[in-house]
Amino acid sequence: MKKLLSLVVALMFASSFSYAQESKVVEAEFKVAGNCGMCKSRIEKAMKIKEVKFAKWDKSAKILKVNYFSPDITVDSLKKRIAEVGHDTDMFNADDAVYAKLPKCCLYRDNPKTH
Ligand SMILES: [Cu+2]
């Protein structure tokens, strides 16, 4: 009987562990530099991956709201993706060469309106 009980306990442990590993939607908010509607579509387009359920960038607040599946993907990797398309985040900055290729209206680093 004792053996059976410990088996049941072990099974409960195993199932709760596998449940914890299941992906769940996590909400995050972080700063992403940008200027205009083109920036918005570029930023949001970079978030069009299956691990991201929802992404919306606020042009005036410069805040990106994302709902993503964890642990399938991390916030850091999302920030990296955004930096790769030319937008600075609070963790990764866009490469100068990538940034330089953005349309003029999107050059948030040089636009005094954004500071
Ligand atoms: Cu822009």
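## Helix 2 against the sheet

In this predicted model, helix 2 lies across strand 2 and strand 3, and its direction is at about 160 degrees to that of strand 2. Axes here are lines fitted to C-alpha atoms, for helices over the stretch in contact, with angles from 0 to 180 degrees between N-to-C directions; contact requires C-beta atoms, placed from the backbone, within 7 Å. Helices (H or I, at least four residues) and strands (E, at least two) are DSSP runs numbered from the N terminus.

Local features need pLDDT of at least 70 and side-chain atom pairs count only at pLDDT 80 or more, while totals for chains, interfaces and linings use all residues. Residues are numbered from 1 along each chain as its sequence is written.

The open sheet has 3 strands in the order 1-3-2, with antiparallel pairing, where two strands pair if DSSP finds at least two bridges between them. Strand 1 (24–31) and strand 2 stand at the edges with a single partner strand each, so one side of each has no neighbour in the sheet. Neighbouring strands are turned by 15 degrees against each other on average, direction ignored. Strand 1 and strand 3 are joined by 8 bridges, and Lys24 has Ser70 in strand 3 as its bridge partner.

Leaving aside neighbours within four places in sequence, Ile43 is in contact with residues including Val32, Trp57, Leu64 and Ile82.

Methods. Contact = placed C-beta atoms within 7 Å.
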